[in-house]
Amino acid sequence: MNQAMLYALAAIAMWASVATLSALTHTLPPFFVAGVGLLLGSLLTVRRMADWKVPPKNFANGVYGIFGFYFFLFNAYRLAPVMDATVLSYVWPLLMVLLSPLLVPGTRLGANHILGSLIGFAGAALIVTGGKLSLSMSALPGYLMALGAAVVWATYSLFTRRLPATSDNAVGGYCFVSGLLALGLHFATEPAAHPSAIQWLMIAVLGLLPMGAAFLCWNRAMQLGDPRQTGALGNATPLLSTLMLVASGQAALNGAAALAIAMIVGGAALGTVPPERLRPFLRPLRRA
């Protein structure tokens, strides 16, 4: 496993912890949690604030990705059932793979990338829904918001690869501005927040890990790695999230989850295998 994939898995593991860590903060206004969390996440690189100065395109892309993702996702949760919105937002790994040839010069798709991503997304949808998903036309605005979140994160990630490489510390600047924008929305649209001591602690953990260190790791993964492989790994997020919930006693595994795990692992493996390694296995099929 190369360095880029390790960085991607580290980011994915931190994002997967959100469901477990946020159990104590779900009663707080979401943009308040995101705003404070992102500001705390920006502190990880505050000592290297000089690195926050990057080309305008890079900075705009960073704020577009981080703030834009939360903006669309939280509005999706407001306008549609959370489970349905979560499934649709998990289209982002598939979109990363499919959009790679369009947004990253020199990138081509192999059948294994497409098939692996489709299998992985199907597994992600299965583990989130347990095989039960009922979309309603009345929640269409929320579904569109969830898809918007997926598009934002996929395109932000690919543009990170396409734009000139910058220091990972610049992500702290993206988080700082995104946090200010999120707090602005909180004060404009949400009721006042009154967190307890334990809720403040959870916000701090969320800010320093999923809303801080994870973005740093993801930025490094996108600059170093193959976006097709990184996108395929993204389907592991709901799998790890479910396993963490099971370990903390907040969820239980069933037959559907076991099948989903096999699909996610198999899809990720297929999507991350270099095409040249698959050719010996495909030759007999072509002859047949």
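Which side chains meet in a salt bridge at 2.8 Å, N to O? They are those of arginine 220 and aspartate 168. A salt bridge here is a side-chain nitrogen of Lys or Arg within 4 Å of a carboxyl oxygen of Asp or Glu. Side chains of opposite charge can pair when their charged atoms come close.

This is a predicted model, in which local features need pLDDT of at least 70 and side-chain atom pairs count only at pLDDT 80 or more, while totals for chains, interfaces and linings use all residues. Residues are numbered from 1 along each chain as its sequence is written, and side-chain values use heavy atoms, with hydrogens and water left out.

Look at where the two partners sit. Arginine 220 lies in helix 10, and aspartate 168 lies in the loop between helix 8 (140–162) and helix 9 (170–189), so the pair ties together parts that are 52 residues apart in sequence. Helices are DSSP runs (H or I, at least four residues), numbered from the N terminus. Aspartate 168 is buried, at 18% relative accessible area. Arginine 220 counts as partly exposed, at 21%. Buried means under 20% relative accessible area, exposed over 50%, and partly exposed in between (1.4 Å probe, protein chains only).

The whole structure holds three salt bridges. One of them joins arginine 228 to aspartate 226, at 2.5 Å from N to O. Arginine 228 is buried, with a relative accessible area of 17%. Another pairs arginine 48 with aspartate 51, and their closest N and O atoms are 3.4 Å apart.

Now turn to the largest pocket. A pocket is found on a 1 Å grid over the protein atoms alone, as an open set of points where a 1.4 Å probe fits, with protein on both sides within 12 Å along at least five of seven lines. Its volume is about 1,200 Å³, counted as the space filled by probe spheres set on the points. The lining has 36 residues, each with an atom within 4 Å of a point. Val18, Ala19, Ser22, Leu73 and Tyr77 lie nearest the centre. Helix 4 gives the largest share of the lining, six residues.

Helix 5 also gives two or more residues to that lining. Six of its eight residues are buried, so helix 5 is largely enclosed by the rest of the structure. Among the buried ones are Asp84, Thr86 and Leu88. Their cover includes helix 4, helix 6 (92–103), helix 7 and helix 8.

Conventions:
Contact = heavy atoms within 4.5 Å.
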